[in-house]
Every structure is written in structure tokens, then in C-alpha cells.
Amino acid sequence: MLDFDHTTLGQRVLFGADRAADNARLEVARRGARSLMVISSSAEHPVVQQICRDLQPTIVYTDVAPHVPIGNAEAARAAARNHHIDLMISVGGGSAVGLAKAVALSTGVPIVAIPTTYAGSEATNVWGITENHRKTTGVDDAVLPATVIYDATLTATLPAELSVASGLNALAHSIDAMWAPRTDPINQTLAIEAITDLTAGLSAIHTDPTDLAGHERTLMGAYLSAVAFASAGSGMHHKICHVLGGAYNLPHAQTHAIVLPYVLAFNQRAARSAAARIADAFDAPTALDGLQALRTRLGAPHALRDTGFRKSDIAEAAELVLPVTPPSNPRPVTREALTALLTAAWAGARPEDLS
Ligand code: NAD
């Protein structure tokens with residue numbers, strides 16, 4: 001019997017290769033914006049330059065940093081208020097849209113997001129801000145970008161390593177959605193489709209980084225993953241990665257890419273039906289086999305110690321993750337289990353040993 005409560009978030013999505021600047025212009029006109037703030041880590045980005053020529057934004061704000069430090073958020077909010085900004089356009093990865101979300105959270109100014117990675121923040125109503133080495137996240141519909149403009153030519157410039165890590169970050173949204181607190185048949189269907197798209201897309205662009213169809217398929221997978229994640233909520237994997245990112249300033253996408261097989265190994269026996277569907281999407285005997293085959297093919301990063309995480313941080317990290325791990329996780333999570341998982345992920349040991 002089906003019995004669930006699902007919310008679909010309202011958002012406009014414009015998709016088209018080489019269309020980002022044109023779609024941005026149309027969207028600004030449609031919204032009747034008078035004072036525009038562009039948020040991007042790079043003022044030199046060709047899309048930012050095009051937008052500047054076409055739309056003459058009031059401010060181009062480039063003080064973007066990973067995990068949205070509170071100081072950056074406050075400064076961007078003050079700039080938006082001082083200039084009476086009524087529309088923001090973020091151009092960049094999760095850090096650029098993350099800063100726009102921090103501004104939207106306190107000002108209500110809408111966001112048009114132009115993503116250049118597969119992080120997926122553009123499709124969620126989740127915000128995150130880091131203060132005193134702790135990342136706080138929250139959910140607020142005011143931070144959901146009103147419009148997302150996808151253009152597959154923009155992810156084509158990602159360096160290969162970041163493309164792989166960011167693609168696996170997207171895959172983590174789908175896999176974690178299969179057992180996250182609000183998992184349901186709708187977000188699971190999106191997540192499974194996303195796993196198929198991401199596997200095909202990332203494999204294609206690994207073979208040929210100029211393959212535009214591969215970039216489009218990966219972007220579609222990233223979007224579907226993020227929609228599934230926004231609906232299902234943060235599962236065990238996301239709780240671990242948010243703590244690691246905020247407390248130890250680890251690189252976001254790489255951390256997700258490394259931790260994912262350990263969480264999948266930990267949960268797959270206790271979530272048999274979800275794991276079977278993930279395995280089918282990978283066309284592999286088990287979910288973990290499928291993920292590991294893809295990771296090997298792409299040359300994914302595999303040890304947290306290579307990201308700056310220290311062995312001596314494991315005990316504290318386990319302590320921080322334990323209280324935020326959802327009680328609905330398929331397998332009960334203990335301090336000992338988290339310590340074993342983080343130790344294995346730190347060393348890059350075999351995930352199979354956690355099953
Ligand atoms: P990022 O935005 O920090 O980008 C990583 C690096 O890649 C930066 O140096 C950036 O300038 C560069 N870059 C981005 N796009 C590029 C391109 N196309 N070509 C070349 N270089 C490019 O990293 P990210 O992984 O996209 O985002 C991470 C942040 O997003 C974290 O703070 C994370 O918490 C947040 N996030 C939030 C959500 C959410 O739902 N709220 C979801 C996912 C990620």
C-alpha cells in the first residue's frame with residue numbers, strides 16, 4: 001500500500017546549451033528587476049561578463065568562499081540592502097549560490113541560479129552558514145532559487161578532478177535520498193533516474209571531456225538528484241559530510257565522493273530494497289559494486305587523509321555526527337560504528353569491511 005506525504009518545490013528550470021546569458025536576460029526582464037546583484041567567485045567568467053554587458057548589474061559580488069563563512073554572509077547582506085537589490089543572479093558552484101541563499105534568507109530577495117558544478121544547491125531550499133568552525137544548515141523556502149538556468153557548456157570548463165568529485169557529490173544526493181528521513185516513492189523514482197543519468201553522463205565525459213551530450217546528461221542527473229535530496233532530506237551521508245565540511249573546512253565535493261561508498265556499505269544490507277534498486281540503476285550485482293566500478297572508472301578520490309582531515313579528528317567528528325544522524329537510518333548508528341566508518345574513510349580502506 002502506498003501511504004506518503006510529498007511536497008514538490010516550485011521552481012522554474014530553463015535548460016539549453018549556450019543559452020545561459022540569453023535566458024538570464026529574459027528572466028530579468030520577466031521579473032522586472034531594477035537593481036541586480038550578480039554573485040560569482042569570478043568577475044571574469046564569460047557568463048558574468050555577458051550579463052554585465054547586457055544588464056549592467058548594480059553590484060558584481062565576488063567575495064565567495066566555501067561553506068559560506070558568516071562574515072561573508074553579513075557583508076553580502078549589507079551590500080544587498082545598501083543598494084536596494086531586488087534580484088540576485090548567482091553564477092558558479094554551490095559556494096556562489098550558497099552566498100546568494102544567505103542573502104535571500106535575511107532579505108527575501110529572489111535568486112536566479114546559473115550552476116557551473118553538479119553540487120545541486122540550486123534545486124534545494126536548504127541553506128548553510130559556517131560560524132566558529134561549525135556549519136549550521138536550515139530549510140527555508142525563501143532561499144530556493146526562483147529560476148535555475150542550466151547550460152551544459154558551463155560545466156565543460158570544470159577541471160577533470162573537480163568534475164568527478166562534483167558528479168559523485170550529486171550521486172550522493174540520490175543514494176542518500178533512498179533512506180533519508182522523508183524518503184518516498186516520488187523522490188526515490190527521481191533518485192534512481194538520476195543514478196542512471198549520472199553514471200552514463202560522467203562515464204561519457206570521462207571518455208571525452210568535450211562531449212556536450214554527456215555534460216547535459218550529467219547536469220540532468222545532478223538536478224534530479226538535488227530535487228530528490230531536497231524532498232527526502234539529509235540522510236546519514238549528508239550529516240557526516242556537513243560536519244566534516246564545517247568543522248574541518250574539508251573540500252565539499254571531494255568529501256562527499258570519498259565518504260559515499262562507506263555509508264553505502266554500512267547501510268546496504270539493512271536497506272535491501274533500496275540497495276537492489278540502486279544496483280539495478282548501476283547495472284551491477286550490488287549497489288556497492290556499481291558505485292565502486294564507477295568510482296574506479298572515473299579515478300575518484302578515496303581517502304579523507306588526502307583532504308586535510310587528521311586521524312586525531314576522528315573521535316571529535318564521530319561525537320559531532322552522532323546526535324545529528326537521523327534515527328530513521330536503516331541501520332542503527334552508534335559512536336563505535338561512526339568511528340569505524342570515519343577511520344576507514346580516513347585511511348581509504350575497503351568499504352566492504354563495513355557491511
Ligand atoms: P564551489 O562552488 O566551492 O566550487 C569549487 C571550485 O570550482 C571553486 O574554486 C570554483 O570557482 C570552481 N568552479 C566552479 N565551477 C567551475 C567551472 N565550471 N569551471 C572551472 N572552475 C569552476 O564547490 P561546489 O562543490 O559546487 O559547492 C560546494 C558548496 O555548496 C559547499 O559549501 C556546500 O555545502 C554547498 N552545497 C549546498 C547544498 C544545499 O542544498 N544547500 C547542496 C550542495 C552543496
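A pocket, as the word is used in these legends, is an open set of grid points with protein on both sides within 12 Å along at least five of seven lines. All the views below come from a predicted model.

View 1. Start with the ligand, whose space is the largest pocket. Helix 4 (94–107) and helix 10 (252–267) are the elements that give two or more residues to the shell around this ligand. Helix 4 makes the biggest contribution, with three residues. In all, 21 residues surround the ligand, and the closest are Ser95, Thr116, Thr117, Thr124 and Lys135. Sorted by class, the shell holds eight nonpolar, 11 polar and two charged residues.

View 2. Threonine 117 places a polar side-chain atom 2.7 Å from a ligand oxygen atom. Valine 126 takes part through its backbone instead: one of its polar backbone atoms is 2.8 Å from a nitrogen atom of the ligand. Threonine 157 uses its side chain, with a polar atom 2.8 Å from a ligand nitrogen atom. On its own the ligand has 860 Å² of accessible area, and the protein covers 78% of that.

**View 3. Threonine 218, a buried residue in helix 8.** Threonine 218 sits in helix 8 (residues 212–232). Its relative accessible area is 0%, so threonine 218 counts as buried, the cut-off being under 20%. Look for its side chain, which reaches the backbone oxygen of glycine 201 at 3.4 Å.

**View 4. Alanine 271, a buried loop residue.** This alanine belongs to the loop between helix 10 and helix 11 (272–282). Alanine 271 is classed as buried because its relative accessibility is 11%, and the limit for that class is under 20%. Arginine 331 is 60 residues away along the chain, yet the C-alpha atoms of alanine 271 and arginine 331 are separated by 8.0 Å.

**View 5. Two loop residues with positive phi.** Most residues other than glycine have a negative phi. Histidine 133 has a phi near 65 degrees, a positive value, and lies in the loop between strand 6 (126–131) and strand 7 (134–139). You will find aspartate 283 in the loop between helix 11 and helix 12 (287–298), where it is exposed, with a relative accessible area of 72%.

Conventions
Residues are numbered from 1 along each chain as its sequence is written. This is a predicted model: local features need pLDDT of at least 70, side-chain atom pairs count only at pLDDT 80 or more; totals for chains, interfaces and linings use all residues. Side-chain values use heavy atoms; hydrogens and water are left out. A residue is near a molecule or strand if one of its heavy atoms lies within 4 Å of it. A polar contact is a pair of N or O atoms within 3.5 Å; within protein, one must be able to donate a hydrogen and the other to accept it, and residues adjacent in sequence count only if both atoms are side-chain atoms. Accessible areas come from the Shrake-Rupley method with a 1.4 Å probe; for residues, only the protein chains shown count as cover. On a 1 Å grid over the protein atoms alone, a cavity is a set of points where a 1.4 Å probe fits but cannot get out, and a pocket is an open set with protein on both sides within 12 Å along at least five of seven lines; lining residues have an atom within 4 Å of a point. A molecule sits in a cavity or pocket if more than half of its atoms lie within 2 Å of its grid points. Helices (H or I, at least four residues) and strands (E, at least two) are DSSP runs, numbered from the N terminus. Ala, Val, Leu, Ile, Met, Phe, Trp, Tyr, Cys and Pro count as nonpolar, Asp, Glu, Lys and Arg as charged, and the others, Gly among them, as polar. Buried means under 20% relative accessible area, exposed over 50%, partly exposed in between (1.4 Å probe, protein chains only).
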